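Work through the two exercises below with the model at hand. Each task is followed by its solution.

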Amino acid sequence: MPKSVLILFAHPSYARSRANRALRSVAQDRALRSVAQDREHVTVHDLYETYPNFLIDVEAEQRLLLDHDHIVLMHPLFWYSAPSLVKEWLDVVLDYGWAYGEGGTALAGKTWTQVITAGGPEKSYCSDGLNRFSIDELLRPFQATANLCQCVWQAPFVLHASRQATPEILAEAAAKFSALLEGLIDG
Ligand SMILES: Cc1cc2nc3c(=O)[nH]c(=O)nc-3n(C[C@H](O)[C@H](O)[C@H](O)COP(=O)(O)O)c2cc1C
C-alpha cells in the first residue's frame with residue numbers, strides 16, 4: 001500500500017529561490033502525477049504562501065498531518081535553523097495533548113525528514129570547519145521535537161553550497177530527492 005507524503009515547504013523569498021525551486025519542482029511534478037492517477041501520494045504545502053501573516057490555521061494543519069504518513073520539512077538553512085515561520089508552525093501546531101504529552105499521540109509512527117539547502121559547503125560543517133558543527137548536530141532541536149512527538153527521525157537530505165550550485169548539480173540533487181520521495185511512498 002503506497003504511503004503519502006506531506007511536504008511542508010518554507011521559503012520566505014521563493015521568487016528568488018534556485019535550490020529549493022529545483023527540489024520543490026520534483027515534488028510538485030510527483031504531486032500532479034498522483035492527482036492524475038487519482039492517488040494523492042504527495043502534497044506540497046507552502047507555508048509562506050498560505051500564511052503570509054503568520055496566522056496559522058492550527059486545525060487545518062493538524063488535519064493535513066493526520067492525513068499523511070510521512071512528514072517532510074523543506075527549507076533553506078537560515079541561521080543554522082529554519083526560516084521563522086517554521087518555528088511558529090512548530091509552536092502552534094504541535095500542541096500539548098495532541099502531538100505530545102498526555103494523550104498526545106497524533107503523530108506517533110510518522111516519519112520526519114528534513115530537506116535542507118545550505119549556503120555553506122559540506123566541509124564547513126564539522127568541528128574544525130567554519131561552522132564548527134555538523135548539520136546533524138545543528139538539527140538536534142528538530143530531532144528532539146520529532147522524538148517527543150514519537151515520530152521516526154530520518155537522515156536529513158542536504159544540498160550544500162546551494163548558492164553556487166550549477167544547473168547540473170541542481171538536477172543531480174533533484175534526482176536524489178526524487179528517489180528519496182519514491183522510497184517514502186513505497187515504504
Ligand atoms: C537570513 C539567512 C540566513 C542564512 N543562514 C545560513 C546558515 O546558517 N547556513 C548556511 O549554510 N546558509 C545560510 N544562508 C544561505 C541560504 O541557506 C541559501 O541562500 C539557500 O540555501 C539558497 O536556497 P534558494 O536558492 O532556494 O534560496 C542564509 C541565508 C539567509 C537569507
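The exercises cover a helix pair and a ligand site.

This is a predicted model, in which local features need pLDDT of at least 70, side-chain atom pairs count only at pLDDT 80 or more, and totals for chains, interfaces and linings use all residues. Residues are numbered from 1 along each chain as its sequence is written, and side-chain values use heavy atoms, with hydrogens and water left out.

**Exercise 1.** Determine how the axes of helix α3 and helix α4 cross.

Step 1. The axes of α3 (residues 58-66) and α4 (residues 84-93) come within 10 Å and cross at roughly 90 degrees.
Step 2. Therefore α3 is roughly perpendicular to α4 (65 to 115 degrees).
Step 3. Val58, Glu61, Gln62 and Leu65 of α3 make the contact with Trp89, Val92 and Val93 of α4 (heavy atoms within 4.5 Å).

**Exercise 2.** Find backbone atoms that lie 2.8 Å from the ligand.

Step 1. For Leu77, a backbone N or O atom is 2.8 Å from a ligand oxygen atom.
Step 2. A backbone N or O atom of Gly120 lies 2.8 Å from an oxygen atom of the ligand.

Technical notes:
Axes are lines fitted to C-alpha atoms, for helices over the stretch in contact, and angles run from 0 to 180 degrees between N-to-C directions. Helices (H or I, at least four residues) and strands (E, at least two) are DSSP runs, numbered from the N terminus. Angles under 35 degrees count as roughly parallel, over 145 as roughly antiparallel, 65 to 115 as roughly perpendicular and the rest as oblique. A polar contact is a pair of N or O atoms within 3.5 Å; within protein, one must be able to donate a hydrogen and the other to accept it, and residues adjacent in sequence count only if both atoms are side-chain atoms.
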